[in-house]
Amino acid sequence: MTNVCYRTLQFDEPWTLEAYESVGGYQVLRRIMQEKTPCDQIINELKEASLRGRGGAGFPTGVKWSFMTSASQGAKYVVCNADESEPGTCKDRDILRYNPHQLIEGMIIAGYAMGCTSGYIYIRGEFTEPFARVETALQQAKAAGLVGSNILESGFDFQLETAIGAGAYICGEETALLNSLEGKKGFPRFKPPFPANVGLYGRPTTVNNVETLASVPVILEKGAKWFLELGKPNNGGTKIFSVTGHVNKPGNYEVPLGIPFKELLELAGGVRNGNKLKAVIPGGSSMPVLPAEIIMETDMDYDSLMKAGSMLGTAAVIVMDETTCMVKALECISKFYMEESCGQCTPCREGTGWLHRVIHRIENGQGKPEDLDNLVRVAKNIEGRTICALGEAAAWPVGAFMKHFRDEFAYHIQHKKCLVG
Amino acid sequence: MIELEIDGKKVEAEPGNMIIQVADAMGVYIPRFCYHKKLSIAANCRMCLVEVEKIGKPVPACATPISQGMRVFTKSEKALAAQRAVMEFLLINHPLDCPICDQGGECELQDLALGYGDDLSRYTEGKRAVDDENLGSLIATDMTRCIHCTRCVRFGTEVAGMRELGTVWRGEHMEIKTFVGKSLTSEVSGNIIDLCPVGALTSKPYRYTARAWELQQRYTIAPHDCLGSHLNVHVRRNEVMRVVPRESEAINETWLSDRDRFSYTGLKSEDRLNQPMIKQSGHWQSVSWEVALEYMLEALKKVIAVQGPEQAAGIISPSATLEESYLFQRLLRGLGCPNIDHRLRQIDFADQDSMPLYPGLKVKIADLEQQRAVLIIGANVRQEQPLLALRLRKANLKGAQIFCINPIDYQVNFNLNQKLICHPTLLPEMLAGIIKAILVKQAIEAPTTIAEQLKSIQVTEQQQAIAEALSVNQPSTILLGAIAQQHPQAATLRSLASLLAELTGASVNLLTEGANTAGAWLAGAVPHRGAVGLTQDKLGQTIAELFAEPRKAYVLFNVEPAQDCANPKQVTKALQQADLVVALTPYNTPYLQQHADVLLPIAHHAETSGTYVNAEGEWQSFAAVVSAPEQVKPGWKVLRVLGNLADLADFNYTASTEIRDELQGMLANHSLKVAKQVQPRINLAYTKHPLTRITEWPMYRVDGLVRRALPLQQAASHDSVGIRINSKMIEQLQLAAGGLATVEQAGESVTLPVILDERIPQGCALIAGGFAETEVLAESFGAITIHV
Ligand SMILES: Cc1cc2nc3c(=O)[nH]c(=O)nc-3n(C[C@H](O)[C@H](O)[C@H](O)COP(=O)(O)O)c2cc1C
Ligand code: SF4
Ligand code: FES
């Protein structure tokens with residue numbers, strides 16, 4: 001298996017500077033600082049590698065970075081989104097815990113390539129241990145002259161700090177994150193303007209996911225071609241899949257993008273108790289669910305999943321076996337989005353609660369036949385009409401559950417109990 | 001220019017405009033709740049979603065900038081579907097209690113629901129209920145009705161500069177709340193009533209008293225500060241039910257101060273004078289107007305004839321209309337008496353001959369936003385001129401540096417780059433230090449009149465910084481407020497401010513008192529000049545002299561002498577010894593009962609037509625919005641009749657507009673030659689008292705009407721009368737904060753609560769004017785003693 005972000009996992013203490021340096025860590029940074037590699041060259045390398053954002057939307061990272069290069073005086077920021085809160089997702093946590101230096105190296109390179117003066121790593125509030133690991137690593141890197149002023153005597157200055165959230169899912173949305181970093185309430189900002197123009201403290205800013213940034217040093221070390229060929233065209237590299245749910249060996253699997261779901265399921269030890277697979281949410285709880293027949297025929301990459309009617313999202317693969325009540329499953333999901341809506345915009349604030357209450361009623365045997373159409377309608381009414389994508393995150397699961405498992409909901413309403421007993 | 005198309009109509013607009021702005025300008029209505037042209041864009045209600053060609057999702061018109069060739073559809077199927085969906089979401093948790101909601105009939109949600117809502121709700125779950133907030137005596141809350149548009153929150157943080165409301169919790173639990181459960185203290189808080197699109201925030205004094213459709217809207221000009229904000233007064237059956245702003249970009253924009261908004265509640269005070277009255281051998285009796293006017297005129301003429309014209313004095317409110325002020329001085333001058341003044345709270349008139357035609361602003365109110373540096377001298381800006389402070393805040397947000405020299409560290413709603421807080425007697429020295437900084441820096445010789453005094457002044461770094469900022473950042477402005485003008489060294493402060501202006505290129509602006517100080521000067525309600533500044537054969541004496549050397553007859557126009565004037569003790573003494581005190585007044589107070597001989601009931605500002613000239617020189621005329629009670633007459637009519645009774649020429653006006661036109665005609669034909677600017681001077685020889693009284697008139701104590709506006713009094717209850725003094729002084733004088741102490745001034749004493757107030761400088765106590773409690777005290781910045 002080829003590891004990109006989990007390069008140090010073979011060590012007893014994979015998070016140390018020594019461990020990281022022993023796999024070639026900080027060599028790329030040293031080379032760039034010495035050669036003064038042109039920024040364009042770095043960005044082009046990422047474009048060629050077809051690195052796509054690992055935070056959920058899959059936006060090409062090289063393209064995103066190139067928005068920042070247009071000469072602009074004064075402060076510019078790169079921010080690492082380590083708020084990882086999408087249910088099912090736990091890949092970033094393990095990078096923070098086991099390979100924090102690679103993230104730090106990725107951030108310094110990002111800072112260099114985009115002409116940033118400083119960077120922040122915004123870490124989810126509940127990540128106590130990962131936070132400590134990153135903080136220690138950062139202090140080591142600072143002591144080693146890898147971060148701060150005049151990095152490795154190159155004349156390049158880049159300040160890097162950590163910040164800790166307070167447990168709100170919405171602060172993973174990049175503009176809510178920026179508000180939170182500024183000490184404001186975690187309300188997403190309306191876009192445009194995009195952060196690349198008006199970001200942290202009103203300055204040009206790029207927000208990237210942990211896994212995205214941690215991939216950068218390896219791409220630059222081994223070359224765009226190597227990375228691209230790990231995966232598939234337009235879907236370069238490896239990807240960490242957090243496989244959870246009804247499998248025998250849940251866990252984080254860093255495997256090439258495009259791996260057939262079947263193989264991934266095997267890696268995770270197959271469905272528990274030899275049960276039949278019922279459905280899979282392939283990209284974190286906000287992504288559309290796919291029934292077994294479809295997912296078993298699908299490859300796990302951005303484009304294939306899109307074609308199959310879902311999305312790769314954060315690559316949190318939630319596996320559900322035949323014992324799963326889909327009404328209950330959706331009730332859980334809809335409750336999460338209701339609780340985590342920031343409350344700012346009307347469709348999400350009011351709609352998420354509406355969805356949850358109706359699903360809750362159905363689950364509790366008080367559903368009405370008209371609820372089914374109404375759920376679809378309300379979800380559609382949220383979708384595409386909100387400030388941030390939490391609206392979609394709340395709506396898509398409802399749409400997909402109703403599309404593939406409507407009968408189960410109807411059964412629930414009619415019989416006031418579960419199909420699966 | 002960008003060319004685009006909205007609903008098939010081509011239109012051109014400046015880049016940077018949002019779709020909604022362009023649509024508004026061309027009369028295409030897009031529904032909205034959170035958008036307000038004076039607030040930042042929140043784009044949170046989603047009501048304004050419209051379709052734009054080539055963009056998949058509907059976009060919020062309030063937050064989407066226009067672009068070349070853009071084709072916008074505000075009423076397409078897609079747009080309407082989005083708007084209807086949002087309306088449905090807004091209504092599911094809304095109580096729909098329109099019949100018992102005060103906003104009913106003028107509710108943006110109700111109006112739009114009519115167009116975009118369904119007849120029947122498809123929401124069958126339980127609705128949300130939200131606890132109400134206690135925001136104080138002015139604003140009522142029904143937070144369950146809130147639609148979370150955050151207009152009120154944005155108003156506080158952005159416009160008012162006071163974060164008193166915020167959004168707490170999140171998701172559907174999100175609530176608009178005060179952070180610490182306090183009442184609002186902002187002096188412009190009432191604007192959130194207008195901003196709230198639903199019935200969540202309503203006017204406490206007004207609510208449940210009328211329905212919007214019962215009201216007639218009339219406009220007038222606000223009567224309390226020198227801006228002259230535009231008002232819409234809502235009237236039902238000849239009763240003022242409420243006051244709201246009338247938009248005026250040049251003056252009040254879309255805002256009103258709470259004082260202007262709620263002072264109407266004082267109109268119905270119980271002590272209204274409804275009938276002319278005269279006192280004969282100690283007994284008051286109601287009489288007809290004829291009797292009262294004859295009686296008064298005879299008595300006045302007698303004093304003038306027997307005791308001499310210098311033995312009579314006319315004192316008029318700076319909030320009297322231009323017409324009233326003009327006829328008042330014509331009447332008195334016509335009877336031979338030149339002693340006329342309106343400068344109730346001022347003491348120092350040494351420079352009155354070099355004053356311009358009228359004091360006021362040289363900079364337009366709206367242009368204050370464009371200033372790059374502002375020096376405030378002796379002003380509690382937020383309280384004196386609440387909306388002007390908002391302009392300063394805007395300037396500040398655009399980068400203007402603001403400085404102040406004040407005896408009290410007043411709270412402001414902008415950043416002060418430097419503040420020089422000093423003992424009030426040191427205000428001139430503080431200002432002189434800035435002047436010295438410039439003179440030294442530019443190696444200019446000091447004017448001979450102040451050269452000697454400047455020598456002893458040490459220039460501080462702060463003063464240097466202010467000097468630098470005023471000269472470098474243009475345009476720059478110097479503002480002199482009420483405290484500067486009421487100061488014993490007011491003339492010195494004015495002359496130094498002029499010198500500083502000359503040296504830096506700044507303009508000097510006076511924040512004048514009342515609604516019509518400029519009009520009073522123009523009308524000739526000053527002792528040394530006639531209307532439009534005409535020179536007078538007979539010069540009168542200033543108000544200070546008129547009370548310091550008591551006269552035999554006083555005619556008071558809408559003045560409550562002991563609460564409106566600088567030295568109440570002296571005023572009362574003067575009135576006591578006078579043979580004749582005539583009060584033209586809306587109120588029948590025990591004080592007037594005791595000291596006056598004739599009471600003539602005059603109309604309130606809302607009941608009369610007239611003109612206010614604001615501080616920037618804008619003449620703003622208005623009609624009466626309600627008629628006065630039966631026997632109560634507009635002041636100008638009373639004065640007209642008196643003029644006729646006295647056989648004075650040219651007093652036959654049939655409308656107040658004729659009086660205004662006459663003045664305007666005079667103004668066109670005369671130009672005032674101001675006596676040569678007096679040389680700047682500093683008097684460092686003044687006495688420093690061991691303990692000095694600082695006097696200010698709190699914002700809701702400035703005139704009879706606000707003093708009677710109960711909701712405003714309740715709102716200001718935290719600002720109650722007392723001895724405000726810092727902790728060191730409390731210790732030094734062995735007082736107890738919260739306890740009582742006795743103030744003695746000029747032989748009079750009064751016992752008041754001691755209020756700990758660390759803003760007050762050493763050696764001083766702030767004891768406000770405008771209260772019955774402090775009526776016995778004497779001069780504004782005089783010596784006092786305090787003991788338990
Ligand atoms: C409701 C919401 C929550 C999100 N949470 C996260 C998160 O926890 N971590 C993350 O990296 N991105 C999250 N995102 C995506 C970010 O907004 C952003 O797209 C991402 O950080 C960009 O990084 P990338 O380009 O490297 O993927 C979230 C988005 C939404 C709408
Ligand atoms: S979609 Fe939801 S989470 Fe996003 S801004 Fe709107 S209310 Fe907040
Ligand atoms: S008016 Fe545009 S979103 Fe509220």
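Across the interface of chain A and chain B, six salt bridges are found. One salt bridge joins the side chains of Arg377(A) and Glu88(B), with 2.8 Å from N to O. The model described here is predicted.

**The interface of the two chains**

The contact between the chains involves 35 residues of chain A and 35 residues of chain B. The size of an interface is often expressed as the accessible area that is lost when the parts come together. Between chain A and chain B, about 2,800 Å² is buried, and carbon and sulfur atoms give 52% of this area.

**Cavities**

A probe the size of a water molecule, rolled over the atoms, shows where empty space is left. In this model, 12 cavities of 30 Å³ or more are counted. The largest cavity has a volume of about 560 Å³. Its lining consists of 43 residues, of which His224(B), Ser319(B), Gly514(B), Val702(B) and Asp703(B) are the closest to the centre. The most is given by α14(B), with three residues. By residue class, the lining of the largest cavity comprises 18 nonpolar, 15 polar and 10 charged residues.

**Two individual residues**

The relative accessible areas of one residue from each chain are set out below.

| Residue | Relative accessible area | Class |
|---|---|---|
| Thr321(B) | 1% | buried |
| Tyr411(A) | 23% | partly exposed |

Thr321(B) is placed in the loop between β15 (312–316) and α8 (322–334) of chain B. Thr321(B) is classed as buried because its relative accessible area of 1% is under 20%. When residues up to four places away in sequence are not counted, Thr321(B) touches Asn516(B), Ser609(B), Gly610(B), Thr611(B), Tyr612(B) and Phe622(B).

Tyr411(A) belongs to helix α17 of chain A, which covers residues 390–415. The relative accessibility of Tyr411(A) is 23%, and Tyr411(A) therefore counts as partly exposed, a class that lies between the limits of 20% and 50%. With neighbours within four places in sequence left aside, Tyr411(A) is in contact with Lys416(A), Lys417(A), Cys418(A) and Leu419(A). Tyr411(A) and Val134(A) are separated by 277 residues in sequence, and their C-alpha atoms are 49 Å apart in space.

Methods:
Residues numbered from 1 in each chain as written. Chains lettered and ligands numbered in written order. Predicted model: local features only at pLDDT ≥ 70, side-chain atom pairs only at ≥ 80, totals over all residues. Heavy atoms only, no water. 1 Å grid on protein atoms, 1.4 Å probe; cavity = no way out; pocket = protein on both sides within 12 Å on 5 of 7 lines; lining within 4 Å. Points joined across faces, edges and corners; volume = space filled by probe spheres on them. Helix = DSSP H or I, 4+ residues; strand = E, 2+ residues; numbered from the N terminus. Nonpolar A, V, L, I, M, F, W, Y, C, P; charged D, E, K, R; others polar. Buried < 20%, exposed > 50% of the residue type's maximum accessible area, 1.4 Å probe, protein only. Contact = heavy atoms within 4.5 Å. Buried area = accessible area lost by both parts, 1.4 Å probe. Salt bridge = Lys/Arg side-chain N within 4 Å of Asp/Glu carboxyl O.
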